[in-house]
Amino acid sequence: MSGILYLFSRDSEEIVAFHNLFSSDYSIFVCSDLHQLEGINDGTFFVGKSLAFGKDSDEFLKAGKPFLFGGFGAPSSRTCIIGENVPKKCLDGRLGIVGTSKIMETIRRKVELAATTNLPVLILGESGSGKSFIAERIHEISPRCGMPFFGVNMASVIDSACESELFGVEAGTFTEVREREGIFSAASGGTLFLDEIGDVSLRMQGTLLDVIERGEFRRVGSTESTKSDARLIFATNADLKSKIAAKEFRLDLFYRIANIVIEVPPLRERREDIQMLAEVYLRSVGSGVSLSPSACDVLRESDWPGNIRQMQNTLNRAILNCGGTGEILPQHIEIY
């Protein structure tokens, strides 16, 4: 999604007029102050354009320059803009995707790209590596951010109930069954995240393929089709290539869902990010504790088979073990 950036002097009356117009008369726009960004003293961001002004703004924001959005959401959330003229110091930590490794920078770029399109996305990675987090970030910086985000763990849905869960049920289809809305309908206009797609039965894979190709679905027991307006994101920890070779996963479905593929690495393959991830998590839970250098070494040396989820659980125990104050030391870390 692109727009035009307009710059105004700090005392310009025009900025006030624009602010009032887009924050009140057009409620569909999402507005947020930009004062927390370095180099911008004040301003307003809204879906479609960004109004910003400040002493140093023109050094990296060029008036009338097209740009891509990289972060917007509810008015209470942190907002940032992304464009070739924005200095990297303003983009560190954007999207909430933590890490300075090259592979994480590649993931950030793919997330930003995925947010500009409605094409299906396939996220690959081990359990606990952050696949659902990536899916949520795509939704939150996309034009659909104000609409629902629904996540379904397909491995937990019984195959016989899968269609009714996803597409809904027509009243009277079964004895004493009332009309029920499916998740595809509930997620209309927003994003539907189907996790563990590799565990779906071949029968249901065929049904999903048909829905994706036709762009519509039917409630169980109905003869009428409903247009699907949910953006689809899929994820799995399975090796889909092996499943395809074993004829356990449809190749044609793979081609349909893998328009944009994001591979999330296990934690052991980005050890340089572990300290930053741990420190960000400790701050996010308001722990009031810090990590000693020797404790960081312990964290970096672990293979973390459970990835980020396992490390967060380990840090929760460490907070308790150190008494919730001061510093986490190696003896406070218990890895299970």
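## Structural report: salt bridges, helices and a covered strand

Arg271 has a relative accessibility of 28% and therefore counts as partly exposed, a class that lies between buried (under 20% relative accessible area) and exposed (over 50%), with a 1.4 Å probe and protein chains only. The model is predicted, so local features need pLDDT of at least 70 and side-chain atom pairs count only at pLDDT 80 or more, while totals for chains, interfaces and linings use all residues. Residues are numbered from 1 along each chain as its sequence is written, and side-chain values use heavy atoms, with hydrogens and water left out.

The partner of Arg271 in a salt bridge is Asp303, and the closest N and O atoms of the two are 2.6 Å apart; the term stands for a side-chain nitrogen of Lys or Arg within 4 Å of a carboxyl oxygen of Asp or Glu. Asp303 lies in the loop between α10 (293-301) and α11 (307-321), whereas Arg271 lies in the loop between β15 (260-263) and α9 (274-284), so the pair ties together parts that are 32 residues apart in sequence.

### The protein as a whole

The protein has 336 residues, of which 46% count as buried. It contains 11 helices and 17 strands, taken as DSSP runs (H or I over at least four residues for helices, E over at least two for strands) and numbered from the N terminus. Among the contacts with a separation of 6 or more, 69% are between residues 24 or more positions apart, a contact being heavy atoms within 4.5 Å.

The structure holds 16 salt bridges. One of them joins Asp159 to Arg203, with 3.4 Å between the closest N and O atoms. That pair links distant parts of the chain, since Asp159 belongs to helix α4 (residues 159-167) and Arg203 to helix α6 (residues 202-214), 44 residues apart. A further salt bridge is formed by Arg256 and Glu213, whose closest N and O atoms are 3.4 Å apart. Here too distant parts of the chain are linked, with Arg256 in helix α8 (residues 251-257) and Glu213 in helix α6, 43 residues apart.

| Residue | Relative accessible area | Class |
|---|---|---|
| Asp159 | 30% | partly exposed |
| Arg203 | 41% | partly exposed |
| Arg256 | 39% | partly exposed |
| Glu213 | 45% | partly exposed |

Helix α6 has 13 residues and reaches 18 Å from its first C-alpha to its last, close to the 18 Å expected at 1.5 Å a residue; the expected span is 1.5 Å times one less than the number of residues. Its buried residues are Met204, Gln205, Leu208, Leu209, Val211 and Ile212. Seen down the axis of α6, these buried residues fall within an arc of 165°, so they line one face of the helix, where the arc is that of the directions from the helix axis to the C-beta atoms. They pack against α4, α5 (183-186), β11, β12 (216-218), β14 and α8. After α6 comes Gly215, which has a positive phi near 70°.

Helix α2 (residues 102-114) also reaches 18 Å between its first and last C-alpha over 13 residues, close to the 18 Å expected at 1.5 Å a residue. Met104, Ile107, Arg108, Val111, Glu112 and Ala114 are buried in α2. They cover an arc of only 160° around the axis, which puts them on the same side of α2.

### Strand β14 and its neighbours

Strand β14 (residues 231-236), against which buried residues of α6 pack, is mostly covered, with six of its six residues buried. Arg231, Ile233 and Ala235 point one way from β14, while Leu232, Phe234 and Thr236 point the other way, and all are buried. Strand β7 (residues 121-124) pairs with β14 in the parallel sense over four bridges, a pair requiring at least two bridges found by DSSP. Strand β11 (residues 191-195) and β14 likewise pair in the parallel sense over four bridges. Within β14, Phe234 is the bridge partner of Leu122, and Phe234 is also the bridge partner of Leu194.
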